[in-house]
Amino acid sequence: MKICWLSPSPLLPTGIGKVSSYLMEGLKKKGFSLYVLNAQYGGKPLDIDGVMHYPLFSGIDMIAPCLEEIKPDVMVAYASNWFPPYNQVSSICASANVPLLWYVTIEFARLSTGYLESLVGANMVATPSSFGKALLCQHIPESRVKLVSHGVDRRYYRPLEPRPRFEGTEDRFVFGMVASPTLRKEFPVLLKAFTRLPEAVRDKCRLYLHTMPFEETVGPPSWNLPMLILQLGLAGKVLM
């Protein structure tokens, strides 16, 4: 079975890039033939570890010619709510008579019109959470929305043995968040919510942010977390 894969490049160490790489590694082990439409690659079609990468650098107009050459059995598009809305993918696949499966992770409580336009024409939409499925089913028939849970092997991924906590937090309740400081991660909402705790409660709590103070590499704009923490009067109550 030939699978054509559309996502941010699985060759890059981004969140979706790494997940795409892991998913394709599993599909290869199952014997599927994989062809990646790579928006961050501009060369000639290239075989990398048994996966063919086709350049999509010049834009979405390259999808139809690639489908004509590859002749896949299915197109899998992987994106999250912030991913640029490929609202032409459904019509391109329909014209090429290629079934389309969208795999999406839902990060917000509402979906934009542009994002929904990307999904409504798909043959099937898969998501890894019950929350995401419930939200998608508000806009897409439930028969076309599938819950595909993360493949977590509990023999290896399980709670660690109790370890020493951060100094000074032994008797406190600690809230936590793990995320990059890019603007699409709503750190101000979290910090403001923490400030709204009753003072007597807040004094017994700490907020732990497993992240960088701000994005230091060349990339999307990010929050300046130390500045936000000072502006909200949370100095000494937020750990990073």
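Predicted model: local features only at pLDDT ≥ 70, side-chain atom pairs only at ≥ 80, totals over all residues.
Me: How many aromatic pairs does a search of the whole structure find?
Reply: A pair of aromatic rings is described by the distance of the centres and the angle of the planes. Rings of Phe, Tyr and Trp (its six-membered ring) pair if their centres lie within 6.5 Å; planes under 30 degrees apart count as stacked, over 60 as edge-to-face and the rest as tilted. The search of the whole structure finds four such pairs. In one of them, the ring centres of Y35 and Y54 are 6.4 Å apart and the planes stand at 45 degrees, so the pair is tilted.

Me: Where in the chain do Y35 and Y54 lie?
Reply: Helices (H or I, at least four residues) and strands (E, at least two) are DSSP runs, numbered from the N terminus. Y35 belongs to strand β2 (residues 33-38) and Y54 to strand β4 (residues 51-55), so that the pair links distant parts of the chain, 19 residues apart.

Me: Are Y35 and Y54 buried or exposed?
Reply: Buried means under 20% relative accessible area, exposed over 50%, and partly exposed in between (1.4 Å probe, protein chains only). Y35 is buried at 15%, and Y54 is buried at 7%.

Me: What is the geometry of the F175 and F194 rings?
Reply: Their centres are 6.0 Å apart and their planes at 80 degrees, so the pair is edge-to-face. F175 lies in strand β9 (residues 173-178) and F194 in helix α6 (residues 187-195). F175 is partly exposed at 33%, whereas F194 is buried at 4%. Ring pairs also link F173 with F175 and F194 into a cluster.

Me: In what order do the strands of the open sheet run?
Reply: Strands of a sheet pair through backbone hydrogen bonds, either parallel or antiparallel. Two strands pair if DSSP finds at least two bridges between them. Here three strands form an open sheet in the order β9-β10-β11, with parallel pairing. The edge strands, β9 and β11 (238-239), each pair on one side only. Strand β10 (residues 205-210) pairs with β11 over two bridges, and Y208 stands opposite L239 in β11.

Notes
Residues numbered from 1 in each chain as written. Heavy atoms only, no water.
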